[in-house]
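Dear colleague,

Please find the structure below, handed over for your records and further use. My findings follow directly after it.

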Amino acid sequence: MARTRSSSSIRWRYLNPAYYLKRPKRLALLFMAFVFVSFFVWDRQTLVREHEEELSKLKEEIERLQNGLGELKNEDGFSVKNTNTPTKRIDLTKMDGYTPDPIETQRREKVKDAMVHAWSSYEKYAWGHDELQPQSKNGVDSFGGLGATLIDSLDTLYIMGLDDEFQRARDWVANTLDFNKNYDASVFETTIRVVGGLLSAYDLSGDNVFLEKAKDIADRLLPAWNTPSGIPYNIINLAHGNAHNPGWTGGDSILADSGTEQLEFIALSQRTGDSKYQQKVENVILELNKTFPADGLLPIYINPHRGTTSHSTITFGAMGDSFYEYLLKVWIQGNKTEEVKLYREMWETSMKGLLSLVRKTAPSSFTYISEKIGNSLIDKMDELACFAPGMIALGSSGYGPTESTKFLNLAEELAWTCYNFYQSTPTKLAGENYFFHSGQDMTVGTSWNILRPETVESLFYLWRLTGNKTYQDWGWNIFQAFEKNSRVEAGYVGLKDVNTGVKDNMMQSFFLAETLKYLYLLFSPPSVISLDEWVFNTEAHPIKIVPRLGLGASSNYKQHKQQPSMGNRVRGRREGRFGGN
Ligand code: DMJ
């Protein structure tokens, strides 16, 4: 017994602190053992953590490679973009070596605050409706109840990193949005805001729900193109599919309303692999090209039965504007290839026509784009036409050096005029249109301001393309005028009169889609939505440039070449301009 007791107490002696305290060597050994074990445990944990990080990187890489493989061709030879290719989160702190100065960063944050104010007011008072009336604090369904502001805002929220807001909007699109409405919708407005907004959200986030919804609404719009000429009717019932033109056009289709769906419908075909969308909209351009005039300027009314224009105004403002914009942008969307050279040719022709409309004011020599009826020039310019400086700057690099400089200079002169549309009023906000009388420079005609984006859109392009920070300063001044005159407790409103500052009661959806987005990008590094990778639709929704394969203007274009038409006047002169036939 005594032996057993003594051997057990020897075994347990290591647990007795006195055993170590008596001998410093033992204490040192114990301490070293403790350090060794701790290090071992820490080392294992670090290894596990590193392993997990490696694994997640590998998973990301596999996803990326799978998405790469998703660039498949379907049976039609169409490029089908994989549905799950989200744009990486935008990190504004380090951008390809670009260092934003502190003023730029502060300004960008102020614009983001404005978006938060506009969006939170919409969420609070008009959720799911088309637009917010900030003074009466309610929603209105100006576009048939399609959540126009919500859809128009998706990409702006995404780009600004307003993730929770984006998620709530995404869930509404997934769970509540319903296009089956017995409503006569504008084909143009629905395309640029809803199809464009959804496609952009899809390209940015990779979330398939946006593509499904874009397809749903586009399918409802598609019967509008079933006319004898292929020029669409501009209004269609979303539930029943019957289409017509507004009564006030005398049965005609409107140029801008008929020629501003190409970007969205081509993008939809690329992403779904279904060529029907692209076919319908490209056919419109081919039809217009048959009788395209030598100056490339089309009157705003087109007969949808004959496909020809009628005697009406020629303008880069209301009802004409975005037709010219899309000629250039489809060329960019199509990677400026042979396949889409017809678009560039038509655009260059129209730019010659635009030059014939350019005049200068007296006494201050502001350059403006006049309008035309028959052979008479009208000394009037819409603020809407202030998108043109940006378009001209964007297209200028496609010319040789001399023409390129000429057009860039013109763009800069026009932007100065548009900026002065703002600077010349007491509120520093532009009116809807201007008249130019000799000796008086510019005079406001229609004096409302409805938060339009065109001038800041052009400032954005000019800043991106010239790097001249003056354009940022001009944009900042315009932003401050909006803050001063248009910001109210529940959002932003337009002005009934830019001379008096009296407010209206409407926050237009394009204020969130365009005005605030272009301002935000004006103060962001140029690689945020790079112009090399994205093309903006006319509602400022960035559409990713993806390879264009298969059918397109060129296959039809080749057939047209064999059957000479009036349009060949344009093509003949410029054959071979884009390298090869
Ligand atoms: C927007 O809906 C689009 O920019 C369109 O092309 C013209 N009008 C408004 C903005 O002013």
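In this predicted model, Phe31 counts as exposed because its relative accessibility is 55%, and the cut-off for exposed is over 50%. Phe31 sits in helix α3, which spans residues 24-69. Together with Met32, Phe34 and Val35, Phe31 makes up a nonpolar surface patch, and the four have about 460 Å² of accessible area together.

The ligand site may be described next. Around the ligand are Ile192, Arg193, Leu384, Arg452, Pro453, Glu454, Phe510, Glu514, Thr538 and Glu539.

- Glu454 has a side-chain N or O atom 2.6 Å from an oxygen atom of the ligand.
- Glu514 places a polar side-chain atom 2.9 Å from an oxygen atom of the ligand.
- Glu539 has a polar side-chain atom at 2.6 Å from an oxygen atom of the ligand.

On its own, the ligand has 290 Å² of accessible area, of which the protein covers 93%.

Finally, there is the matter of disulfides. The count comes to one: Cys386 is joined to Cys418, with an S to S distance of 2.1 Å. The two cysteines are 32 residues apart and link distant parts of the chain, Cys386 lying in the loop between β14 (380-382) and α14 (388-396) and Cys418 in helix α15 (residues 401-423). The link between Cys386 and Cys418 is left-handed, with -90° about the S-S bond. Are these cysteines, Cys386 and Cys418, buried or exposed? Both are buried.

With kind regards

Key: Residues are numbered from 1 along each chain as its sequence is written. This is a predicted model: local features need pLDDT of at least 70, side-chain atom pairs count only at pLDDT 80 or more; totals for chains, interfaces and linings use all residues. Side-chain values use heavy atoms; hydrogens and water are left out. A disulfide is a pair of cysteine sulfur atoms within 2.5 Å. Helices (H or I, at least four residues) and strands (E, at least two) are DSSP runs, numbered from the N terminus. Buried means under 20% relative accessible area, exposed over 50%, partly exposed in between (1.4 Å probe, protein chains only). Patches are made of residues with over 30% relative accessible area and no salt bridge: like charges are joined within 9 Å, nonpolar side chains (Val, Leu, Ile, Met, Phe, Trp, Tyr) within 5 Å. Accessible areas come from the Shrake-Rupley method with a 1.4 Å probe; for residues, only the protein chains shown count as cover. A salt bridge is a side-chain nitrogen of Lys or Arg within 4 Å of a carboxyl oxygen of Asp or Glu. A residue is near a molecule or strand if one of its heavy atoms lies within 4 Å of it. A polar contact is a pair of N or O atoms within 3.5 Å; within protein, one must be able to donate a hydrogen and the other to accept it, and residues adjacent in sequence count only if both atoms are side-chain atoms.
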